[in-house]
Amino acid sequence: MSSEPLAPHSRFYQRLQRRYGDDLPLLPPGPPVRATMAQACEALRARGCDTGAALRVVRQLVMERLIRLDCDEAAPLSDITRAVTELAELALHHACQQARKELDARHGAPRGPDGQPVQLWVIGMGKLGARELNVSSDIDLIYVYEHDGETAGTPDGRGRISNHEYFARAVKAIYSLVGDTTEHGFVFRVDLALRPNGNSGPSAVSLAALEEYLQVQGREWERFAWLKSRVVAPRDCIASAEVQALRGVVLPFVFRRYLDYSVFDSLRTLHRQIRDHAAKRSAGHPERANDVKLSRGGIREIEFTVQLLQVVRGGQFPELRTRPTLEGLQRLARAGLMPQATADALARAYEFLRRVEHRIQYLDDQQTHMLPTRDDDLAWIARTMGHDNCCTFLHELDAHRELVAQEFDTLLGGAGKKQCSGGGCGGPRAAAPPPPEFDALLAQLPPAFRERVTEWRNHPRVAGLRDEARARLLRLVQRTAQWLKEERVTEEAALRLANWLEPLLRRESYLALLLERPSVHEQLLHLLGAAKWPARYMLQHPGVIDELAGDALLAERFVAADFERELALRLASLQSTGEDDDETLLNLLRRAQHAETFRTLARDVERRITVEQVADDLSALADSVLRITTQWCWSRLKTRHRDSPQFAIIGYGKLGGKELGYGSDLDIVFVFDDDDERASEVYAAFVRKLINWLTVKTGEGDLYEIDTALRPNGSSGLLVTSFDAYANYQQRRGSNTAWTWEHQAMTRARFVLGSEALQARFDAVREAVITSERDPAALREEIVLMRERVRAAHPTRAGQFDVKHSPGGMVDAEFAVQYLVLSQSATHPALRDNVGNIALLQRAEQAGLLPPGVGTAAADAYRELRRVQHLARLDEAPTQVAPPALQAERDAVLALWQAVFGRTA
């Protein structure tokens, strides 16, 4: 390839060299940035140029520099887009300042209802908002002012006008400074078509008017437009506290609380209109089919791909919210919504297409995206893109566009047959058949399902549905009926689906999700039909079905580090927009915990994991939630006296033994190790806040019930104690000491969170407690007495075997293990670890503390009893069975009891 400069082929470049050659040194060497452009602008003003002329000349200097950097020095795309974006921000800032200065002189400053100054916000949309302007972009703007009211008037009391009129005049003045064409051209073409009510609406709107418009009239496509919105001028307003009010209006409009699959149809319609428009333009003009922005596989389809997944999921997952397309692709990949390889391929395509777009515009400074028809121009573009000839360039261009088109068609449920790997795919084609008539649909249903759906004929929730939502509902029932006919799902599942849908009909996004994703619909039916408790859980927390949209749901397991990292990202995203208030974080924690619980539940119901793995995952989830809640609560505690609390949580019972089930309470003891004189008061307030965060019911439900009865002195004791007081109590130092049943509980105690040093001290106390010298006979009597009390509190009907409380049930095995640990761990170290009842029974047999086979048989029996109990609770069935069911398991546990206590249970 030739080493001669390529930039001079651009006719625009040639004109710039001729006209502004003497002014080019005003722009310091290197990629233009805000500071160097401002410096050049001031130099031009010092020469006598007015603001408008200076900005226009700076624009020409910047374009000359960018053509040279891009075509001859292979500058990164980000250098080009940043320069054009910062030029727009600079121009709008100066234009705002000048316009308001002139208007204030004639009319006085605008005032709010309390006489306060009123800000004007210039909102950049599209590529300006995303900081990715191209070299011949127009700028999409919306002007919003803070309050209605009127101006202060001049000192002599004249010139007073309404704020609305004032800002309308400001918009005209800003346009004149930026958009008018003069002898130096324009700075930017300005487009206000995205404002409320489009070209028929006022040029500037108040914040209140914008809020009303978005709530009442805002259309789905406008959510995509506002996704990239950003206050770009004036600079002193960008970071002001008042802008938070604007965010509070825009964010709820763009991002909905639940997964929002209803936008698929809107985007299909919008994209179909764009493709139809492109097709009409190219009819009889085949060269127009080579539009790198709007044609099939063009830049717009990459942007739509990113924006669609962000709008669908950004309400629940704020870490997806970002304006630039390239950053959006990487965030989608990190969230598992798109394979990393696909995100990288789309990023390469985006960069390639954007660089081609710039070269098309470099030729004549025209706002066009179509490949040139002149052979020499096309050859020049090919060379500047690193190709020796047009053929290889066009081959690479076609490869990128084909990849983009396939991914986009797959996302919208078009011609692509490839399965979507993330959670955002659309199912049916845009041209869906008309929905069935209600009566005709009823005739297709089996009797029980027909009777249930017939109730909807006059149901107010169904009657209140929009026509589109009603059509979706009927199509879902029709699809369910077809699956019933094919015996893919059960009628019980269909009935539970109707029960689940009915209270949720106002949340139309769920109807859209199930219709868009047939796989989600079918999996939901499987879960509803499998057992009663999952159906109840999904009724209480309907948002969890969003998890069914992810393909990896059943194949994965809970990973604490991933869960905590995702929540940290969500917190950071909320902090960046000032949305991190207590209520938002409480709901964020609840949604995340419910989603993970549901994932475990789905794997459990589909038999992908064992009962022990369910307990492991639910216990690990509880640990993570406690860690995160502790961190967030401490950071928001007004009375905290250090950066990190010297504090620990000790788990007992099912949490301590890592045997949590669905809906289990958390048995917890709180301790601190802090010599500060304020420690007792600070940690007491902290623990109250922590318990409130864990237990309070919000719109998203609660997290856990907390039981602190195992703390020193039980319910009459302090909610949080010093670690020394806890250790003395457990080790029976002094007059106030633990009971034997508390030492039984200590066998399952586990350090959940806190410093490593504090964990080492806890482990030492636990070991000292369980290895203390005891009278075996006295201990045996105490534990047997405690067992009798527990059994008396849980009577079983005659002729029934309760898998937990009857003789030979789970509690007998647990008490036997506790006795072995407390009486034998001093001389048998293998019994000291908190490894669960099954492992401890096996270890006791290996240590010779149980007759051969007794420990193993009891361990197997305990595992089976847990499984039976677990399945019964999943289906909300009794945990009592009629003998001879489970007789072998019962006999094994009774043999264990006999071996340990020397008597029958």
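Arg11, Asp364, Arg374, Asp376 and Asp377 are linked in a network of salt bridges, a salt bridge being a side-chain nitrogen of Lys or Arg within 4 Å of a carboxyl oxygen of Asp or Glu. In total, 60 salt bridges are present in the structure. The model is predicted, and local features need pLDDT of at least 70, side-chain atom pairs count only at pLDDT 80 or more, and totals for chains, interfaces and linings use all residues. Residues are numbered from 1 along each chain as its sequence is written, and side-chain values use heavy atoms, with hydrogens and water left out.

Three further salt bridges were examined individually. Glu876 pairs with Arg536, with 2.5 Å between the closest N and O atoms. Because Glu876 lies in the loop between helix 36 (854–874) and strand 12 (880–881) and Arg536 in helix 24 (residues 532–540), this pair ties together parts that are 340 residues apart in sequence. Helices (H or I, at least four residues) and strands (E, at least two) are DSSP runs, numbered from the N terminus. Glu876 is partly exposed at 33% relative accessibility, and Arg536 is partly exposed at 43%; buried means under 20% relative accessible area, exposed over 50%, and partly exposed in between (1.4 Å probe, protein chains only).

In the salt bridge of Arg457 with Asp439, the closest N and O atoms are 2.8 Å apart. Arg457 belongs to the loop between helix 18 (447–454) and helix 19 (460–463), and Asp439 to helix 17 (residues 438–443), the two being 18 residues apart. A salt bridge also joins the side chains of Glu222 and Arg219 (3.3 Å, N to O). Here Glu222 is buried, with a relative accessible area of 1%, whereas Arg219 is partly exposed, at 40%.

The packing of helices was considered next. The axes of helix 22 (residues 508–516) and helix 23 (residues 518–530) come within 4 Å and cross at roughly 105°; axes are lines fitted to C-alpha atoms, for helices over the stretch in contact, and angles run from 0 to 180 degrees between N-to-C directions. Helix 22 is therefore roughly perpendicular to helix 23 (angles under 35 degrees count as roughly parallel, over 145 as roughly antiparallel, 65 to 115 as roughly perpendicular and the rest as oblique). Leu513, Leu514, Leu515 and Glu516 of helix 22 make the contact with Pro518, Val520, His521 and Leu524 of helix 23, where contact means heavy atoms within 4.5 Å.

In helix 24, the buried residues are Trp533, Pro534, Ala535, Tyr537 and Met538. Their cover includes helix 21 (491–501), helix 23, helix 26 (582–605) and helix 36. Ser573, in helix 25 (residues 560–576), is buried, with a relative accessible area of 14%. Residues up to four places away in sequence aside, Ser573 touches Pro318 and Glu319.

Backbone geometry was examined last. Most residues other than glycine have a negative phi, and most peptide bonds are trans. The peptide bond from Ala233 to Pro234, however, is cis, with omega near -10°, and Pro234 is found in the loop between strand 5 (230–233) and helix 9 (235–238). Pro883 and Pro884 are likewise joined by a cis peptide bond, with omega about 15°. Pro884 lies in the loop between strand 12 and helix 37 (887–901). Leu886 lies in the loop between strand 12 and helix 37 and has a positive phi of about 60°, although it is not a glycine.
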